[in-house]
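Student: Hi! Could you walk me through this structure, starting with how its strands pair up?
Tutor: Happy to. Let's have a look at it together.

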Amino acid sequence: MLGVTGPNEYENNVNNNWYTNYITGWCLLFVQEALDMLKKKDIIKFEHLISKTKLNETDERDKWNDIVKHLYYPEDKELGIFLQQEGYLDKEQLLVSQLPGSERPINQKWSWDRILRSCFIKQADVLQGIYFFEENFTKEEIKRNFEFYEPRTVHESSLSPCVHAILACSIGNTRKAYEMYLRTSRLDLDDYNNDTEDGCHTTSMAGTWLSVVQGFGGMRVLDGFLHFNPSLPAQWESLCFNINFRQNVLRIMVALDGIQIINLSGKSIKLFIYGREFTIAEGDKCHSPMAGEMLAS
């Protein structure tokens, strides 16, 4: 796929952006899954849709699957990373730590031409794709890509720090996760990107919630079930949040001495903590030790 722009706003008109190609493949598979679901649940609506769109189901599916089969996902096998796009490694590979503070944010200090020629990334790109499809990658793959791309990311987008906080937690790097949590939660308070005067970033506010719930709370939905893999940063003794999951209101409390989940309302619900299955009736609760305690016991 040529001449595209991926999530990184400091790149445009690139060839074979890994994220764009990955999302394209997923979309072509998902539309087929949606068609199969509609056909199974409501054949009348399905036939109306086919008629309205003049969809030749067999030919289109064959074409979609051929595209999926031949999509190109650039990678560097030596580094063990997915390439943001073809030619990314041809750029001078500098780290953000090598940038003088006087040159940040680069979108206010550099020409656009200089930004485009640099390796610096405005926001999660490859890591955005890994975040969306985390279950498709091993922890080692996530760790290698995180440790390569995060040091090259200037986080000059309010969309960026929360994704990095969540992935940092998933690979056990709570120090970096807390750094990214502070960046998303205090983006406007500390005016990190010198643009708070233009208005507050609601994306960063949402990112704060995501950093706590999906990051330190380790919340995921896999195969229709809630999973929690909490990890507290060294600066915190506990955290607590409520969620409403499919008409079940749950209170999740994470502390140094363990995790407690209360089913405040709704029917009985099955969920998982560190992979261990729990079923909680309405008004009931469950307890689990923290991950380190489980490994020690």
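Tutor: A definition to begin with: two strands pair if DSSP finds at least two bridges between them. Please keep in mind that this is a predicted model.

Student: Got it. How many bridges join E6 to E7, then?
Tutor: Seven bridges join strand E6 to strand E7 (residues 258–265), and these strands run antiparallel. A hairpin through two residues joins E6 to E7.

Student: And what sense does E5 have against E6, parallel or antiparallel?
Tutor: Antiparallel, over eight bridges, with E5 covering residues 238–245. Phe 241 has Ile 252 of E6 as its bridge partner. E5 and E6 also form a hairpin, with two residues between them. In that turn, Arg 246 has a positive phi of about 55°.

Student: Which side chains of E6 are buried?
Tutor: They alternate along the strand (residues 248–255). Asn 248, Leu 250, Ile 252 and Val 254 point to one face and are buried.

Student: New topic: aromatics. How many aromatic pairs are there?
Tutor: A search of the whole structure finds 22 aromatic pairs. One of them is Trp 18 with Phe 137, a tilted pair at 5.9 Å centre to centre with 50° between the planes.

Student: Why does that pair tie together separate parts?
Tutor: Trp 18 lies in helix H1 (residues 18–41) and Phe 137 in the loop between H6 and H7, so the pair links parts that are 119 residues apart in sequence. Trp 18 is buried, with a relative accessible area of 2%, and Phe 137 is buried at 11%. Both belong to one aromatic cluster, whose members include Tyr 22, Trp 26 and Phe 30.

Student: What about Trp 110 and Phe 120?
Tutor: They form a tilted pair too, 6.0 Å centre to centre and 55° between the planes. Both residues are buried.

Student: Now H7. Which of its residues are buried?
Tutor: Ile 142, Asn 145, Phe 146, Phe 148 and Tyr 149. Seen down the axis of H7, they fall within an arc of 165°, so they line one face of the helix. What covers them includes strand E2 (81–82), H6, H8 (160–170) and H9 (174–185).

Student: Which residue lies over the face of Phe 148?
Tutor: Arg 152, at 3.8 Å from the ring centre. Elsewhere, the charged end of Arg 183 sits over the ring of Tyr 192, 4.8 Å from its centre.

Note on methods
Residues numbered from 1 in each chain as written. Predicted model: local features only at pLDDT ≥ 70, side-chain atom pairs only at ≥ 80, totals over all residues. Heavy atoms only, no water. Phe/Tyr/Trp six-rings, centres within 6.5 Å; stacked < 30°, edge-to-face > 60°. Helix = DSSP H or I, 4+ residues; strand = E, 2+ residues; numbered from the N terminus. Buried < 20%, exposed > 50% of the residue type's maximum accessible area, 1.4 Å probe, protein only. Lys NZ or Arg CZ within 6 Å of the ring centre and 35° of its normal. Arc of directions from axis to C-beta. Contact = heavy atoms within 4.5 Å.
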